[in-house]
Every structure is written in structure tokens, then in C-alpha cells.
Amino acid sequence: MGRKNVGSNQKKKIRLLLVGNPNAGKSSLFNELTGLNQQVGNFPGVTVEKKSGNAKIAEHLSAEVIDLPGTYSLSPRSEDERVTFDYLNQKRPDNKEEIIVVIADASNLRRNLLLCSQLIDLNLPVILALNMMDIVQKNKQSIDIKYLSETLSIPVVPMNARLGKGITELKANITKFARKDRPPFISIIEGEKPIDNAQRRNQRIREIVAKAVTAEGEMKVNDLTRKLDAILTHKVWGYAIFLFILFLIFQAVFSWSEFPMQMIEEGFLFFGNFVAESLPPGVLNDLLVDGIIAGLGGIIIFIPQIAALFAFISILEDTGYLSRISFMMDGLLKKFGLNGRSIIPLLSGAACAVPAIMSARTISNKKERLLTIFITPLISCSARIPVYTLIIALIIPAEASIGIFNLQGIVMMALYLFGFLAAIGTSFFMKFFVKTNESSHFIMEMPIYRAPRWKNVGYTIVNKVKVFLFEAGKIIIAISIILWILSSYGPGDSFEKIDEKYASGLLEPNINNETMEEQRASAKLQASYAGQLGKFIEPAIKPLGFDWKIGISIITSFAAREVFVGTMATIYSVGDADNTTSLKEKMNQAKDPVTGEKIYTKATGYSLLIFYAFALQCMATVAIVARETASWKWPVIQIIYMGALAYFASLITYNLFS
Amino acid sequence: MSNFIHLSEAKKGDFVRIESIDNEKLSVQLLCMGCMVGEIAHIEQIAPLGDPMMISIDGSLLSLRKSDAREVIVSQLKK
């Protein structure tokens, strides 16, 4: 069945499926074919990334390109490989003509041909793209393309996808592709065991490779890789270099992102004020400014951190170093049910859990990835810092010390330590409860070291930002609108009454306007649904030493933890949330209306610190976990688990100190 | 050639021949990654924490955990 209408004026669209071993250069080819014309999503029901895009193949021929997850064979052992296997075996309803492009690492032909041979035996339309021909030449080998093509009865195209070489030839082969009958690669034996089949297959591949590859002497690992490994996985230098790289990542996610984040924050504030002033005041104005624009700002603010982290991760992955990190850390982390690669999400979690959880995708084992995602929010992130700073300053005098160490600093460090211990402890116990049907063998190919492809790095950043904006973003917007409603509306006519009270000037006559506005805002927040909710949960949080005002702040903190400071400022009617000294003063003077005792005692303060260290109060994290685990099950378990952990830890802390 | 050992016992720098793989699932997986009975493996590195190990076979590098390497029987070759 040849293609008859090529050459006619009719436009035609086919589907190209890219398959190949991991590290064979599939994403380079995908990027070369589609450019920025690509979308990232998930394969239905699983958390495996699906990349698709459009490519122009010839004048009247275009193709939808699907990048299938890397696999070594068609006997799937991981979720990624299962997706590829299922996708190839499915019939799609649109009946589009499909061509499978197998990308093989030509410098490792024997292993790479296995997958290709299985596809041939499934009688699928296959083109073999022999990638990394530059390495073959460097090894002073040559491959008889014609022989390979004739023996396998499929088109074979040599290429170097990194440099974009061979793309034109590949497109030409796609355009003139015609299905033809082929002999099977190996004869079919009914009821043969997979291992026997694979062995027969390998035998035949050996014969073919022996004829196709000239000067195939002893294949050697490339010398540069060997030399680099001697240093980069060295027991001293290896860890020293790794620490230095971690330090750079930290700097990038923590401080280098700070400036653009500030710009975004100020930009949105400016934009919000602008909208607030240019539109007539009213509900719509408030919803737009305090609900939607504030929510949008709360999403966009994450972009610098996501971009910074993924710039690093894609370079580390592209160069092959990420596999070495895994190699060096695995011995330690596997004891906790984690993977060597879990170290990246866990450490970047100290800046922000959102990009950290997204980075857990580099962990191919499903269980290890899930455990990593589950425990990452327990690591103290930068949004907790304002809360920690405020409370610590409130309950511990700056001059307090233990020996030569400043007590405030010790408490801060202890909070980070508790978070880390809770994270690995949780993982240690959870590993017994999370079941997986994946193979428990961990064999990982270590790619050779190569220079990063900057184009790929760029695409990764763009794709990750897009995924966050469009998939987690909608959940975040929805939650921030709900939070806005909760804190701007109250039951019955309570809000009108507050307005009346302030309008009629019943309060102290010589009060200035600003103070009055602050008090009005405070009164409204207390009368709102969030305020009511705070009072409602007071009996439950009383044993932790919290009053209803803290209750309100805990509820509104779900938007993001640092909102705690802003909410407290509103409740205690301090004009500017950044003005923590005056907020500190007011909180310091706050007294229990019944007993007349100070509210922010040491016990309450420590209890609150512990609560913020453990509780999952971050809608962006919830949204990204839902996205990354493709279900609401895990974020809900996470909220409940971390909530319970926070509650009981605070309860114990409060009783210890009071 | 009588000194059969588990791959997990091999030392850095050793050359070994893979003699048998006890676990069928593991052997299919290893085979798909280019590691099969009869191949010569070179122990390239052992992670500083003692686990996993990095071996090279036919020009490609594989990292495997000791728990899996224990199921692979190899014979030591002269260097």
C-alpha cells in the first residue's frame, strides 16, 4: 500500500511515533522535528509525560509527532515502558496513517537493535534512524547502511540529531515511505519463554551487527567519561563537587530568583491598584483585584524558581551528571525507600516545594517518585521563613543564647532539622505501605558525558513553566477565589453593620482616617466566613495554645504560608504587613480577654512554629501534587497526614513548654 | 576457571564473565540492556557508599544495586 496522493495538491497529515532506548537522542530528534510547536501533557490516567507536536515533512505532508517514553524492549518493566507498549498496540479511532521512527544509538548498535527487531516482528511500519554517527566515526568504525536496510527490510537513515544532521534525509524517507511485506526478524515459536525469545533475538542481532559494523573491535567506554567518573564519583572529590553544584542550585532558586520574583510581585501590586482605581468600586472590582489578580500573581511568582531549577536539572540530566548523583546517593537514600535522584527534590524543597515536586519526574521508579513527592513539602521552604522570623522574634529575645550560640538561630535551625527528619522518617515508614506492581530491580544505564544541548535546556524550561501555569494554575486560581470569598463575605448583614458603624463616626472622634480604615478591615475580617471559621475551630486548636485569631490566619495561610503575616497584620490592624516590628509589638501586648494572660507565650509560639513546620498549608503544592500524581488521592492523604502530624506535634510542644 | 562468585563480590577494576543469572525477570531486563550470559563485564566503579556498582559491557555503562548483583553469577578473569 503505497501513498498515492503524495505529489498531488492534496494536503496530507500522518502520525509519527518516536520510540527508542533512553539516551538514544529521542528528545533531540523530537525538538528538531517540531521546534517550539509542541505540547506537553500526561498520557491518560498515568503520570508519564506525553510530548506531541507538529512537523512539516514535505510540501504537502505534515505530521503529528508523538514522543513515546524511552524503552529498552517491548517487555515493559516500568510505567514509562508500559505506556510505549500500550500506545504501539492500540488502534486509534482516527485511522491516520502512522509511521514509527526508531531512534537507535549507532555507537551501541547491538543493544539498540533489540527494540527495533521487536517492532519489525509486530509488522509495524518502521524507519530506523541511526543516531550518534559522530561517535561511530570517532571510534573509527563504519556502518554498512545499505546492508542493514536490506537485511532488516526497512529504511535506515544515519543521522546526528544533536547537530540536526540527517533530518532532511529522514523527512525524505518518511515522504516516500511505502509499506511492504517483510520476513519476520526471527521465526515465531508458540509458547516460547521471554528469555529464550530474547536470547534468540540477540543471537541474530549479533550476526547482523558483525556484518554491518566494520572494525568492530572491542567496544570501549569513552575515555573522557572514564576520566570524569574517576573524579566525579570519587569518595572525596565527588561529594565536594556535588556539594558545590547543590550550592549553585540553592543560590539560583533562593537568591537569583529573588529579584524577578520581587518584580513580579510589585508588578502585580501595581496592576491590581491600577485596576482597582480605574474600575468603579464594588464586588466585581474586589473579585478582580483581590481574587483573580492576586491569584494570578500567586501563580506567576513561581516562574523564576521553576525556570532556575529546571535550567540546572536539564543541564545535569543532559550532561549525564544526574545519573552520577543518583549513583553516589543511592546507597544512603534507598534505605528510606527513596532513590539517589530524590536528593534533588528534597534539597530544592528548601527553596520551594512546587518546582521540587515537579523535578521528581526524573525518578523513573513509580514508588520512589511517589514517596519523594509525598515527603518533599515537609522540608521547610522559603515561604515559612517570614512566619518563623516573626514568631521567633516574638518569643525569644534577640540576646538569648545557649553558650556562644544565639538562641534564635538555634531554633531556626532546629525547625529545618525537624522538617528534614520528619520527611525521611515518613518515607521510611511509608515504604512498607505503598504497593507497586513495578519490577523491583534497579538497573540504570549511565549515559556517557556530553556537552549540554542548550536548545533542549530551553525547551525543558518552557515546557515546565507551561505545565505549571496551565495545569496547576487553574486549581490555584479556583482556590484563591474561594479564599477571597471566605474572607470578604460574612453571614447575614454583619458587613453592612460594620460599614454603618464606621460611616456614622461612632468611634473615637479624633482618630485619623488611616487608622479607621485599618480597624474597619480588621472588623470585617473578623466578621467574615473565614473569621467565623476561625472562631468555629477555636475549641479544636485551643489545646495547641491558639486562639481564633491564629485560627483565621491558619485558614488564610492555605493560599501560601507567608499570608500568615499579612492576615495577622490585618487582624491586629497594622497598616503595612512588612512592618513586622509594630505587628510584633501588638502581638506581644495581646491578652486573653478572659484570663488576661499574654496570648503569645513561649508555649504558644513554639507550638505555632512546629505547626507551620509540618502542616501542608500551600495550595500551589496541593495543585502540583494533584497534577504530578494524576489523582486527588495523594494530595488529600498528604493534607490529612501532614495536618495530623502538625496537630499532634504542636500539642506535645505546647504541653512541654507550658 | 572454577572461581565463581556473585557479581556483588567483584572488586573495582575486575573483569568478569557472566555465567548465569538466577532470576528470570532480572535476566530478561539485563539482557534488554545489553548484559547477557557470556558477556565480559568490567567493574568500573563502586559507589562511595558501597552500593550500587557501575559496570561496563560492550561499551555501555550500567549501574546496578548490590541486591540485584547478588543474583548474577560471574567468573573472574585475569586482568
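I looked up A:Asn123 and found it partly exposed, with a relative accessible area of 43%. I note here that the model is predicted. I then checked its backbone: phi of A:Asn123 is near 60 degrees, a positive value in a residue other than glycine. I traced A:Asn123 to the loop between helix 3 (109–121) and strand 6 (126–131) of chain A.

**Entry: A:Ser153**

Is A:Ser153 buried or exposed? I find A:Ser153 buried, since its relative accessible area of 16% is under the 20% limit. Phi of A:Ser153 is near 60 degrees, which is positive although the residue is not glycine. On the chain, I place A:Ser153 in the loop that links helix 5 (145–152) with strand 8 (156–158) of chain A.

**Entry: chain A overall**

I counted secondary structure in chain A and have 29 helices and 12 strands. The C-alpha trace of chain A spans about 95 × 65 × 45 Å along its principal axes. Chain A has 658 residues, of which 52% count as buried. I also looked at contacts in chain A between residues at least 6 apart in sequence, and 72% of these join residues at least 24 apart.

I recorded the division of chain A into domain 1 (12–220), domain 2 (237–428) and domain 3 (476–657). Taken over C-alpha atoms, the centres of domain 1 and domain 2 of chain A are 39 Å apart. At the contact between these domains I list six residues of domain 1 of chain A against four residues of domain 2 of chain A.

**Entry: cores**

I searched for nonpolar cores, and the largest has 117 residues. The residues with the most contacts inside this core are A:Ile325, A:Phe468, A:Phe564, A:Tyr600 and A:Leu609. Which helix gives the largest share of the core? I find that helix 19 (residues 454–488) of chain A does, with nine residues. Domain 2 (237–428) and domain 3 (476–657) of chain A each supply at least three residues to this core. A second, separate core has 67 residues, and B:Ala10, B:Cys32, B:Ala69 and B:Val74 are among them.

I went back to A:Phe564 and set aside its neighbours within four places in sequence. What remains in contact with A:Phe564 is A:Val387, A:Leu390, A:Ile391, A:Ser553, A:Ser557, A:Leu608 and A:Tyr612.

I followed an open sheet of seven strands, paired antiparallel, in the order 12(A)-5(B)-4(B)-3(B)-2(B)-6(B)-1(B). Why do strand 12 (443–446) of chain A and strand 1 (4–6) of chain B each have one side without a neighbour in the sheet? Both stand at the edges with a single partner strand each, so one side of each is left without a neighbour. From one strand to the next I get an average twist of 40 degrees.

Helix 8 (residues 223–232) of chain A packs on this sheet, touching strand 3, strand 4 and strand 5 of chain B. The direction of helix 8 of chain A makes about 35 degrees with that of strand 3 of chain B.

I then checked how the chains join in the sheet: strand 12 of chain A pairs antiparallel with strand 5 (residues 60–64) of chain B over four bridges. Here A:Glu445 has B:Leu62, in strand 5 of chain B, as its bridge partner.

Opposite B:Arg17 I find B:Ile40, in strand 3 of chain B. Strand 2 of chain B also runs antiparallel to strand 6 (residues 72–77) of chain B, with six bridges joining them. In that pair, B:Phe15 is bridged to B:Leu77 in strand 6 of chain B.

I looked up the record: UniProt, in an unreviewed entry, places "domain: Ferrous iron transporter FeoA-like" at residues 5–76 of chain B. For residues 5–76 of chain B I find 18% helix and 43% strand, with the end C-alpha atoms 8 Å apart.

Lastly I examined the peptide bond between B:Asp51 and B:Pro52, which is cis, with omega about -5 degrees. I place B:Pro52 in the loop between strand 3 (40–46) and strand 4 (53–57) of chain B.

Conventions: Residues numbered from 1 in each chain as written. Chains lettered and ligands numbered in written order. Predicted model: local features only at pLDDT ≥ 70, side-chain atom pairs only at ≥ 80, totals over all residues. Heavy atoms only, no water. Core = buried A, V, L, I, M, F, W, Y, C linked by side-chain atoms within 4.5 Å. Buried < 20%, exposed > 50% of the residue type's maximum accessible area, 1.4 Å probe, protein only. Helix = DSSP H or I, 4+ residues; strand = E, 2+ residues; numbered from the N terminus. Domains from an automatic or database assignment. Contact = heavy atoms within 4.5 Å. UniProt positions renumbered as here; feature names shortened; annotations may be inferred. Pairing = 2+ DSSP bridges. Axes fitted to C-alpha atoms, helices over the stretch in contact; angles between N-to-C directions.
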